[in-house]
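Please keep the sequence and the coordinates at hand while reading.

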Amino acid sequence: MSRALVFEIGAEEIPASYIQPALDQMKTLAEAFFHENRLAHGAVRVEGTPRRLALLVAGLVERQEDLNEEVQGPSAKAAFGPDGVPTQVAQGFAKGRGVDVAKLVVKATPKGDYVFAQVHKPGRLTHELLEDWLPTLPGKLAFPKSMRWAEGGPLRFARPITWLLGLFGERPLRFRIEHLECGTLTRGHRFLAPEPIELKDASEYEAKLEAAQVVLSTAKRREELKAQLQKAAQKHGTLVEDEELLGVVANLLEKPFAFAGDFDPAYLVLPKAVIVKVLREHQFAFAVEKADGGLAPVFIATTNGIEKNLGAIREGNARVIRARLEDARFFFTEDQKSTLEKRRDELKNVVWQEKLGTLHERVERLEALAAWIAERLAPEAKADAARAARLCKSDLVTLMVGEKEFTSLQGEMGGVYAALGGENQAVSRAIAEQYRPRFAGDEVPSTPAGRCVALADKIDDLVGCFGIGLVPTGSQDPYALRRKASGVVAILKAQGGALSLTELTEAAIRLYPQGRLTANPQEHMTQIRDFFRARLENALVESGFEGDLVAAVASSRSEWVSEAFLRAEALRQVMVRDDFALAVQAFSRVTNILEKAGEARPVQEALLAEGAERALWERYLAQRPVVERHCAQGAFIKAFEALASLRSSIDAFFNEVLVMAEDPAVRLNRLALLAQISRTIALIADFRKLVKRQ
Amino acid sequence: MSTRSSLKTKPKSACSFQEIILTLQRFWAERGCVIGQPYDIEKGAGTFNPNTFLRSLGPEPWSAAYVEPSRRPRDGRYGENPNRTQMFHQFQVLLKPAPVDIMDIYLESLAALGIDAREHDIRFLEDDWESPTLGASGLGWQVWLDGLEVTQFTYFQQVGGVELKPISGEITYGLERLAMYLQKVDSFWEMEYGSGVGYAEFFRENERQFSRYNFEAADTAVLFKDFENHEREAKRLIEAGLLLPAYDFVIKASHAFNLLDARGAISVTERTGYIGRVRGLARRTAVAYLKLREEQGHPMLQSGEAEA
């Protein structure tokens, strides 16, 4: 026999971002509890609103399964006297396990003979187990911040718990948590259905809430909210979708209702991003786009299911939005009274990082660095990149970006002000996109100039922080250096071209004044190189390459980012070929022997005595330029094929020639030959890192 | 005299600024709060009032409500901004311990102001509060009324660096915001204060003059000296066991800091240091005050409820 279970923790309004993580924990804890206690069950569901976290279990058995287990006790020697009579030890063990001494059995184990008890535990009633366990559940949920209330604890929770509901089928679950008694009452919508609601059976839960103006399911609330928002937007254009905001708002409401309000079209002079931000940050409201891509002078806001008296609600929201747009317009107008060029001087007074100097010094470096990068990667964009870099931090001292709510528009506002100040489109876009990619998977800057500026921005930051010992450790990465290094990797990958991480790092370090970076120069370079290599490996893994392949690719030439991706892709394609394993075997024979060889020298042809070594040398000399040419062109499959054509010569060499010849000159010459080949192999990968596949 | 009768016959607006204060005072008095008065020292928020800061410490119950003119020198806009000023009014309620139905009581207070919760969008949005100067923090919400933040609602967890037990509930109404909403106007300067006097007539010149003082005229040398003196005096008085006077100087030091901050006289790096100094004083005062109340046997604990 089984029944449904409902357990609801009623609370004062729980922060939106806390709800789902708490529900996930509740589910995990419940499943673990059922498992440990041998309670068969159907689907486990967790649902939450700002005022409740609920656990719903279908088909939970009424009684725990009986337990039959064999428990090991003391050794037979200790348990029985020479006469076979049970000792005190045996008596104690039997008593502790609740079995008759006469029923103990002796069994052989690898450690000798031991006494065992056959323990039979009848299963307990599920509701009793629940009444023991549920009171401990709320205290086990972890929140980003938790609090005490009333008399001051010790129980901590996201917000004060106000009621507890527990029903197992028709059976009310009885227990207390501090001053709160678990009961059979739930609450509906705070205002629309304020009376407590009595439940007679767990199965009534969701329907009764629905009747009391609460949509229990987060997914359903989100869906309803989206439909409502779209409907409200329809008349004016299309809703500017914002999945993150949608998720937040769905968890701010128990019953979603959306409506449209408007603002003075005069505010449309503001950049789109600013208006969207105002609506989002202040009112959790959505913007509406017209067919031409511009915004409609409209906002879509929500209520917690209140539909009456909508005029006053709309006017209230409109008034706040109006005030905020007015603030923004004031900043926008004031900001345009100066230029980015003039504001660049103000950066002299702004400390970027105490040990690394002012923002003004930083933009001076960035200007030089962006130009240098452009010369290497996109010579045609050099002037734009340098100009954009020169002005790229000026927006940090504008009123708009100085305002807390708009700080995240840094860069973007710079782009807007640059365009208004007459900069060309390439420059303003490069400024706007300098912080990209802002997160893993975000787009890289869309133009070559933008990529140069974004690279300069990130690498200057990285070498600076590493140079004064601000190196991320473990989970500690307060300056988001991992993200920035991953950004460098992503941009180099997208841009392609011939610029290595090592060159980039050295160029960035050169621009810092002497003595500013206090780290030991060699250690500094090594640290950054290793850091980048880890980011590259991470990026390769994220692109779907398998771990061993990533290791094979990254262990050589990891400073060449876009090439590493090409090599990985080529490897992925050739490794499924039939003769791949044989080629790898041949390459490995070459590379393995060198580990014992020490330093490589030039090959002396005169010392190549035997036919097989001469043949290999000649084959190699013929193929090397082919391999190198293909590598330089990024055609790594062809490079691999050219290299693999040496296979039979390599095999013949190892079969017929003794590398470790007695004559040291001959021996060293053979090692030199292998070292040369090995170096060419490393242009593609370290094939020894690959794991054999089926 | 005619003055007297004219006072009697002035038309009364149900949602004038002063009517809101009177309604809230009556409401909370009926719920058992002692109606205190603003504390007579410049301060940034009602939390600084000893009726909140000191009384939230320790086991003794306390329920108080009062208006607090609050000064935030940096927020001055010369009386030009419609809703940003360097001085505004809070209506502060402190309930210790916070009753289990504190949110319902709060909602009743809105009803007393004529706000029907079934016809307005009232929302409790996560907003945790922290005062680095007072070493105080709490969890709670900002309360939205049709999209406008009208109240800050906080369960204190820590005050003066001391973990609280029991927990106080602090309800802080932003009176200007609330009045603006109820009067359906877009600007403080369009609000009615009461008895026929406009909010602008009452406070606009105040904003102009104090904005000039805060941003331009305040003598930073004097203020730096003030800060040092207040700090020294607070320390001396704590040593002397004169905790209430000592706390006055903590508030004064905090306000001197706020003025220096508005004058741009304190760099970003120095800021943390100054805030830390005030917090240090607040912490010492709080600890000493707790000890004092304990020595006095917690006079406000009812007999039988005294600590075990």
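In what order do the four strands of the open sheet in chain A stand, and is their pairing parallel or antiparallel? The order is E13-E15-E16-E14 (chain A), and the pairing is antiparallel; strands here are DSSP runs of E with at least two residues, helices are runs of H or I with at least four, and both are numbered from the N terminus. This is a predicted model, in which local features need pLDDT of at least 70 and side-chain atom pairs count only at pLDDT 80 or more, whereas totals for chains, interfaces and linings use all residues. Residues are numbered from 1 along each chain as its sequence is written, while chains are lettered from A and ligands numbered from 1 in the order in which they are written.

**Overall form of chain A**

Chain A has 27 helices and 18 strands. Its radius of gyration is 35 Å, well over the 26 Å that the globule rule gives for 694 residues, so chain A is more spread out than a compact globule; the radius is taken over C-alpha atoms, and the rule is 2.2 Å times the number of residues to the power 0.38. Along the principal axes, the C-alpha atoms of chain A fill a box of roughly 100 × 95 × 50 Å. Of the 694 residues in chain A, 43% are buried, a residue being buried if 20 or more other C-beta atoms lie within 10 Å of its own, exposed if 12 or fewer do, and partly exposed in between, with C-beta atoms placed from the backbone. Among contacts in chain A between residues at least 6 apart in sequence, 66% join residues at least 24 apart, a contact being two C-beta atoms, placed from the backbone, that lie within 7 Å.

**Nonpolar cores and local packing**

A nonpolar core is a set of buried Ala, Val, Leu, Ile, Met, Phe, Trp, Tyr and Cys residues joined through C-beta atoms within 7 Å. The largest such core has 224 residues, and those with the most contacts inside it are Ile300(A), Ala370(A), Ala385(A), Cys452(A) and Val453(A). Helix H8 (residues 243-262) of chain B contributes the most to this core, with 12 residues. Leaving aside residues up to four places away in sequence, Ala385(A) touches several residues, among them Ala370(A), Ala430(A), Cys452(A) and Val453(A).

Helix H25 (residues 636-644) of chain A has buried residues that include Phe636(A), Phe640(A) and Leu643(A). The buried residues of H25(A) pack against helix H22 (561-574), helix H23 (580-594), helix H24 (611-632), helix H26 (647-656) and helix H27 (664-681) of chain A.

Val401(A) is part of helix H14 (residues 399-402) of chain A, and it counts as buried because it has 22 C-beta neighbours inside 10 Å. Val401(A) and Lys342(A) are 59 residues apart in sequence, with 16 Å between their C-alpha atoms.

**Domains and contacts**

The domain bounds come from an automatic or database domain assignment. For chain A this gives domain 1 (2-64 + 125-211), domain 2 (68-121), domain 3 (218-335), domain 4 (340-542) and domain 5 (566-689), whereas chain B is divided into domain 1 (2-214) and domain 2 (219-295).

| Domain pair | Separation of centres |
|---|---|
| Domain 3 of chain A and domain 4 of chain A | 34 Å |
| Domain 1 of chain B and domain 2 of chain B | 24 Å |

In chain B, 22 residues of domain 1 are in contact with 22 residues of domain 2.

The contact between the chains takes 29 residues from chain A and 30 residues from chain B. On the side of chain A that touches chain B, strand E16 (295-303) and H10 of chain A each give two or more residues, and H10(A) provides the largest share, eight residues. That side divides into 14 nonpolar, seven polar and eight charged residues, where Ala, Val, Leu, Ile, Met, Phe, Trp, Tyr, Cys and Pro count as nonpolar, Asp, Glu, Lys and Arg as charged, and the others, Gly among them, as polar.

Terms used:
Pairing = 2+ DSSP bridges.
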